[in-house]
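Trainee: I've got the model open. Could you walk me through how to read it, feature by feature?

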Amino acid sequence: MKHLLFVSLILFSNFTIGAPTHITNVNGYTLNNQGDLIQFSDIVFDGGKVLVIGGNSLVKDYPDATLIDGKNKVMLPGLIDSHGHVMGLGETLLQVDLRESKSALDAAKKVYTYANTQQTLPWITGRGWNQVLWPGKQYPTANILDEYVNNKPVMLSRVDGHATWVNSKALEVAGITKDTLDPPGGKIIRDNKGNPTGILIDNASNLLNEYLPKTSEATLKSQLDAAGKQLLSEGITSVHDAGIGIPTYNYYQKRVAEHTLPVRIYPMIGAYSPAMIEMLNAGHIQDQYDWLSIKSVKVYGDGALGSRGAALLKPYSDEPHNSGLLVTREADLKPLFDLILGKGFQLNYHAIGDRANRLALNQFSDSFSKVGGQHLRNRVEHAQVINIDDIPRFKTLNIIPAMQPTHATSDMNMAEDRVGALRLKGAYAWQTFLKQGTPVAFGSDFPVELSNPFFGLHAAVTRQDRSNNPDKGWIPEEAVTVIQAFRGFTLDAAYAAHQEAILGGLTPGKWADFILVDLDIFTVSPKDIWKTQVLETWIAGEKRFQK
């Protein structure tokens, strides 16, 4: 016991022993708790927390502090991604990346190259393909993959994670044939003879699960370390991890006990997990240094717009016999919401389509009247296409929309095709939410989108892609100001996790989580915000990354 205590004291000596640290000569920006932008040139922190920010007169107030020259670099609070998938990012970094593939054939060739370098893998996995960007915009088929890899199963997730492309070997291993029924909340794409083509939508992908290799602790370590390294290099100090199962739930607690989490993580228990009740009954998980906080649950409402799985009130404009699908059955929502809210857990509901959003709002209203929980700052993740009559209900019900700016600039090439111009009036409606007084928590949904938060800041302000298209922005009236975008990635993201008193800014008492960057996002041309490079990332007063 004495040895463990000694080790603990060593690990956290920076929180208890030594002089404060004073970084001077920075071009610093932060928001106070009221959302006002504050500039400063000096910051003093001790025990991992901010003592004071101000001018260089602080030098005389803290004569014993370790003084560091910031060399006039721009300092910002560490950025918070309110919706990402940490292990999914790590997995993507360690498997074949199809994001840049130009066609199904090009993707298959990349899979072939990767498979030849990974001879020992029992399955070949990858992610990132997007048929909307390919010639013809048609779903790929198993036989394209079969030409390149036919001796082992191949499983490739679409960029949004809501469709899976497999080869014939994977279909064979999982026993998926023309006689296999579509599971609830899923769809097997079939040819005109009823045979599976190799595309599995949403819950149909789960037909593969029992045949996949089991995830080992070594795999989890590799994934978390890879993801953490990338996030730190991009200035992200905290992530809301949108849906975890029991292996990751246990592994995060192991890593926080070892003091080795690379970034702060606010995980959402996945309602899909067979162990959800077990995790709920364990109560809230909170470590004393705020690296890990588990007090929320992610419920999956519908699929995604790109794969036409988002649940709509009326059929798709480009597929009039399809209104999307519900990943969680409507009949299951009431018992699920009542259980989660009744246990005192924040409920975060994935809703892309206007039907899924309305179902969420209706059920929140019903459950609040039965079991309470309105104070839990419950959220709708994505809140992407909403009937305009439903937007005010977010304010009434105190529901936070957790939205991803780069989804708009990625989806703009197909969103109107999917839902038509009229339904876009309530889509990606960031400014409309802010004007009615609803805080918006921004994130990226990595690895669906790239994790770089400056890409998100840029998209939020310009409504353009990084090639400055379209000319004046897509649905430009929903663009936000730089300060509003900054707040979405800092103070409001912290608020959406009940952490605004400790994170999301650099005011006294908050953790000294900050980054140094090479561009001033408040003075540079908005079209250049995405070019910002992170030079250093600090968490709790310790440097975790240097470029």
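Predicted model: local features only at pLDDT ≥ 70, side-chain atom pairs only at ≥ 80, totals over all residues.

Mentor: Start with the naming: helices (H or I, at least four residues) and strands (E, at least two) are DSSP runs, numbered from the N terminus. T406, for example, lies in helix 14 (residues 405-411). Residues are numbered from 1 along each chain as its sequence is written.

Trainee: What is the mean pLDDT of the chain?

Mentor: pLDDT is the predictor's confidence in each residue, from 0 to 100. Here the chain mean is 94, with 97% of residues at 70 or more. Go carefully with residues 1-16, where pLDDT is below 50; that stretch has 12 contacts in the model beyond near neighbours in sequence.

Trainee: Back to T406: buried or exposed?

Mentor: Buried means under 20% relative accessible area, exposed means over 50%, and partly exposed is in between (1.4 Å probe, protein chains only). T406 has 6% relative accessibility, so it counts as buried. As for contacts, they mean heavy atoms within 4.5 Å. Leaving aside neighbours within four places in sequence, T406 is in contact with S444, E449, F455, G456 and A459.

Trainee: How do I read the open sheet, and what is its strand order?

Mentor: Two strands pair if DSSP finds at least two bridges between them. The open sheet has 8 strands in the order 8-15-16-19-20-21-22-23, with parallel pairing. Strand 8 (79-84) and strand 23 (441-442) are at the edges with a single partner strand each, so one side of each lacks a neighbour in the sheet.

Trainee: Which helices pack on it, and at what angle to strand 20?

Mentor: Axes are lines fitted to C-alpha atoms, for helices over the stretch in contact, and angles run from 0 to 180 degrees between N-to-C directions. Helix 11 (residues 330-342) lies across strand 19 and strand 20 (346-351), at about 145 degrees to strand 20. Helix 12 (residues 354-371) packs on the sheet too, touching strand 20 and strand 21 (379-382), and its direction makes about 160 degrees with that of strand 20.

Trainee: How many residues of helix 12 are there, and what span do they reach?

Mentor: The expected span of a helix is 1.5 Å times one less than its number of residues. Helix 12 has 18 residues and reaches 25 Å from first C-alpha to last, close to the expected 26 Å. Its buried residues include L359, L361, F364 and F368, and what covers the buried residues of helix 12 includes helix 11, strand 20, strand 21, helix 13 (391-396) and helix 15 (415-423). Just after helix 12, G372 takes a positive phi of about 80 degrees.

Trainee: Which residues touch the most other members of the largest nonpolar core?

Mentor: A nonpolar core is a set of buried Ala, Val, Leu, Ile, Met, Phe, Trp, Tyr and Cys residues joined through side-chain atoms within 4.5 Å. In the largest one, of 110 residues, L76 and L305 touch the most other members. Helix 12 supplies the largest share of this core, 6 residues. A second, separate core has 23 residues, including A108, I124, V154 and I199.

Trainee: And where is D302?

Mentor: D302 is in the loop between strand 19 and helix 11. D302 has a relative accessible area of 0%, so it is buried. Among the residues D302 touches, not counting those up to four places away in sequence, are H162, H350 and A356.

Trainee: What about a hairpin, say strand 25 and strand 26?

Mentor: Strand 25 (residues 534-539) and strand 26 (residues 542-546) run antiparallel, joined by 4 bridges. W538 stands opposite K543 of strand 26. This hairpin has 2 residues between the strands, and A540 takes a positive phi near 50 degrees. Strand 25 also pairs with strand 24 (residues 514-517), antiparallel over 4 bridges.

Key:
Heavy atoms only, no water.
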